[in-house]
Amino acid sequence: MLEIKKKICQSYGCVLVLGCDVEKGKVLARILIIDDEEVARFTLREILESRGHEVDDASDGLEGIAKQKAGEFDLVITDIIMPEKEGVETTIELRHEYPNLKIIAISGGGRTRNLDFLKMAEQFGADKVMAKPFSPDELLAAVNECLK
Amino acid sequence: MSSKTLLKGLLSKLHLLPKSHESKPKKNSVDHSSNRSKDILSFELRLDGILKRHESGVSDHVYLIDLSNLHDKLSERWQKEEGAVHDAICGIIEKRLGENDLFIQYEDWSYMVVFPILGVKEGQLKTTLISEEVVRKLMGEENPRELVEIKAATIEDDGGISFRPAPPIETLIDEVSRNIPEVENAQEAEGGGKGRADALFDKIGFIFRPMLALNTKVVSTFMMLPIRPISGGFLSGHDVVPVSPEQGWVFKLDKLIIRKAAETLDTLKKSKKNSLVSIPVHFETLAHHNWRTKYIELCTALLEGVEKKVVFEIVGLPDGVPQARVLELVTELHTRSRSVIARFDVDHTSFPAFKVAGLHAVGIDIYKSELSEDKLMKKLSKFVSAAKKNQLKTYILGVRTLSMYTIAVSEGVDYMAGYALSETAKDAQEVYAFKLDMPYLSLVESAMNGKNSDT
């Protein structure tokens, strides 16, 4: 299983986080991951759960917003390029409905202009934006900063 | 039994019937099993759409083209080249169907067609003519009727569904031809016949889709789109006229489009606006020698002096069109325009011939696509990749959602149009700059307005 996880993380462009330094049973924050790529959702979940966060995921903005409505999260990490409802639109709607929600927008799909869309996500309310690939440490640092 | 029940019953039989080509893929055949599932799903979706639009019901409009006799005659050849035979049959049937019509392979050697709009006799006649064309093309038969049987769907006393032989074609021809208006002269034949054609063309209007050039972030081209209202919506593009090569309606529409384009360009010139106008022209017009000649003469006469403001968009290009033919057509159009672009199916990924032919861009129109955005995303990626390999620019029309907007932009599409970006216009406007965040601004505004009204 560890070898499989390593391969997945390598293909996603990050280094596998090993071990966990969080007290057993203690949940730091409730985080929702919205990404249409299953590998991305799996990898981000692994990284965040290893730090004691409670994580749920959704495959597009429609599902993500529905989950946020059903059980409010502390932080949403949303991809930009997604079918059905993409990340900038999702950010706008979440920011309007949940002013205190922390939002991190990430992007790396497609061939071009990902930075343009990340800037837009920031313009429209994302607290942080990150271009893929990024390391687990970079992600965790962004999450920690948002949750301060 | 309602028509809905009839057709649902037909569909259930469609799923259950064993298909010999699904069990063992034969040489020269494509993988029919997965294609078959997609065909059935697509057929069901379109059938549902038709049932919703045609409340009067579609019973008595379902026919079966039974090619068992043809199969027996072809026998070994059919076995050997089953995939190619099936593809040829489907190609012939598809070519003769209208926008509202459907077909699907029913059993191994039969095809079901649905004509929801045609009268009972007209539907049977059309089915018979199509089947004869199939036999003629496959066999070169002089008397194709012996090799094909046409059946009509009927509801049995016990509520079951069966197919019964349709009346002989000679009887149908006599009855139907009494009601078809005579064509009085060649000019009317060219124009598609008086009366019915005039009434139809009187209802055709035009809108203009602003097209964004992503490299420069400027809307500088307005794409002409003919539209015709129907109950519950409207038809657009060349779908505003029925598909019927003998009546020349597509050609007549293309002439109407050129006349409207000329008026538009004249207005732009007088008001000193710099916009370009994209003019769709159907391959059928260009492929028919007389029609092409007349079309080009009209272009020459009406577009003199504004050629550099014209983009021709070739639509309806068939698969497998020879490169030499495309080169000939593009060259002829290019002498009267700024550039020539061509529209394809989203699955098309072979472009070397089109680059050589001189096309500026290749594109797709997803407005009426029934594919999920997830599937469109993947297909668009392949389409753009294939075009870029051949140094062709790409365009996408009919972008209706912000998700498709971001997908198209991030895939590196060069030009884009659709109401996710901006509303269509009644006339071509002046060139204007476009910022990538513009499609989101109305969303932000409504969110802010909603917030203000809450407080």
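This is a predicted model: local features need pLDDT of at least 70, side-chain atom pairs count only at pLDDT 80 or more; totals for chains, interfaces and linings use all residues.
Residues are numbered from 1 along each chain as its sequence is written, while chains are lettered from A and ligands numbered from 1 in the order in which they are written.

**View 1. Chain A has six helices and five strands.** Helices (H or I, at least four residues) and strands (E, at least two) are DSSP runs, numbered from the N terminus. Along the sequence of chain A the pattern is α-β-α-β-α-β-α-β-α-β-α. Of its 148 residues, 43% are buried. A residue is buried if 20 or more other C-beta atoms lie within 10 Å of its own, exposed if 12 or fewer, and partly exposed in between, with C-beta atoms placed from the backbone.

View 2. H6(A) has 12 residues and reaches 16 Å from its first C-alpha to its last, close to the 16 Å expected at 1.5 Å a residue. The expected span is 1.5 Å times one less than the number of residues. An α-helix has 3.6 residues a turn, so residues three or four places apart point the same way.

**View 3. A cis peptide bond joins A:Lys132 to A:Pro133.** Its omega is near 0 degrees. Most residues other than glycine have a negative phi, and most peptide bonds are trans.

**View 4. A:Glu84 has a positive phi.** The angle is about 70 degrees, although A:Glu84 is not a glycine. A:Glu84 lies in the loop between strand S3 (75-79) and H4 of chain A. With 16 C-beta neighbours inside 10 Å, A:Glu84 is partly exposed.

**View 5. B:Lys217 also has a positive phi, near 55 degrees, and is not a glycine.** B:Lys217 is found in the loop between strand S6 (205-213) and strand S7 (218-230) of chain B. B:Lys217 is exposed, with 12 other C-beta atoms within 10 Å. Chain B as a whole has 18 helices and 15 strands, and buried residues make up 36% of its 455 residues.

**View 6. Chain A touches chain B through 22 residues from chain A and 20 residues from chain B.** Two residues are in contact if their C-beta atoms, placed from the backbone, lie within 7 Å. Helix H4 (87-97) and helix H5 (114-123) of chain A each supply at least two residues of the side that touches chain B. H5(A) gives the most to this side, with five residues. By class, the side of chain A that touches chain B has nine nonpolar, six polar and seven charged residues. Ala, Val, Leu, Ile, Met, Phe, Trp, Tyr, Cys and Pro count as nonpolar, Asp, Glu, Lys and Arg as charged, and the others, Gly among them, as polar.
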